[in-house]
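Student: Hi! I have a structure open and would like to talk it through with you before I set anything up. Could you take my questions one at a time?

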Amino acid sequence: RVLNNVAASLRPGGAFVLHVAGKEVLARIFNPTASREVPGGGIIVHRREVVDDWNQLRNEWILLENGTIRRFVFRHWIYSGRELREMFHRAGFAEVGLYANFLGSAYGPSAERLVVGGRKGAT
């Protein structure tokens, strides 16, 4: 729906760039737990779980600060380069490229991020 709205808002030939952690990148670097200190002396614990056959990540953030514990739980969708390319095309983007960074390096096994660039076709 977001890509459809973006495509509808662009003039023919207009461009859109999306910067995400691709599913391929996440599969390579996935770590189910991590923690770090936050400013003010607190600690945040990150717990992650892959759900729905690698379609979503379930995240739990536990903030320990000043003797209190706060918990935040949320999910977000994750997409592969192939999935995003197809979504861009379905939304009306004629030219779609996958890149590892904003310099235009090829998206591949060593990429740290996924940058998808699309140009709206003529209507």
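Predicted model: local features only at pLDDT ≥ 70, side-chain atom pairs only at ≥ 80, totals over all residues.

Student: How many bridges join β3 to β4?
Tutor: Nine bridges join β3, residues 42–51, to β4, residues 56–65, and the two strands run antiparallel. If you want a position to look at, R48 has N59 of β4 standing opposite.

Student: And what about the loop between β3 and β4, where does D52 have its phi?
Tutor: D52 lies in that loop, and its phi is near 55°, a positive value in a residue other than glycine. D53 lies in the loop between β3 and β4 as well. D53 also is not a glycine, and its phi is positive, about 55°.

Student: Are they buried or exposed?
Tutor: D52 is partly exposed, with a relative accessible area of 42%. D53 is exposed, at 73%.

Student: Switching to charges: how many salt bridges does a search of the whole structure find?
Tutor: Four. One of them pairs the side chains of E83 and K23, at 3.2 Å from N to O. E83 is in helix α3 and K23 is in helix α2 (residues 23–29), so this pair ties together parts that are 60 residues apart in sequence.

Student: Is E83 buried or exposed, and what about K23?
Tutor: E83 is buried, with a relative accessible area of 19%. That value sits under the 20% cut-off for buried. K23 counts as buried too, at 14% relative accessibility.

Student: OK, and which residue does E86 meet in a salt bridge?
Tutor: The side chains of E86 and R82 meet at 3.1 Å, N to O. Both are in helix α3, four residues apart, which separates them by about one helical turn. E86 counts as partly exposed at 36% relative accessibility, and R82 is exposed at 51%. There is a network as well: salt bridges that share partners join R47, E60 and R71.

Student: Since we're on α3, which of its residues are buried?
Tutor: In α3, which spans residues 81–91, the buried ones are G81, E83, L84, F88 and A91. They cover an arc of only 160° around the axis, which puts them on the same side of α3.

Student: Now the surface: which residues form a nonpolar patch?
Tutor: I43, L64 and I69 do, with about 270 Å² of accessible area together. L64 has its place in strand β4 and counts as partly exposed at 35% relative accessibility.

Student: Last topic. In what order do the three strands of the other open sheet come?
Tutor: The order is β1-β7-β6, with antiparallel pairing. β1 (15–20) and β6 (93–99) stand at the edges with a single partner strand each, so one side of each is left without a neighbour in the sheet. From one strand to the next, the twist averages 15°.

Student: How many bridges join β6 to β7?
Tutor: Six, and the two strands run antiparallel, with β7 covering residues 114–120. As an example, the bridge partner of Y99 in β7 is V115.

Notes: Residues numbered from 1 in each chain as written. Heavy atoms only, no water. Pairing = 2+ DSSP bridges. Patch = residues over 30% accessible without salt bridge, like charges linked within 9 Å, V, L, I, M, F, W, Y side chains within 5 Å. Areas by Shrake-Rupley, 256 points an atom, 1.4 Å probe, with all protein chains shown as cover. Buried < 20%, exposed > 50% of the residue type's maximum accessible area, 1.4 Å probe, protein only. Arc of directions from axis to C-beta. Axes fitted to C-alpha atoms, helices over the stretch in contact; angles between N-to-C directions.
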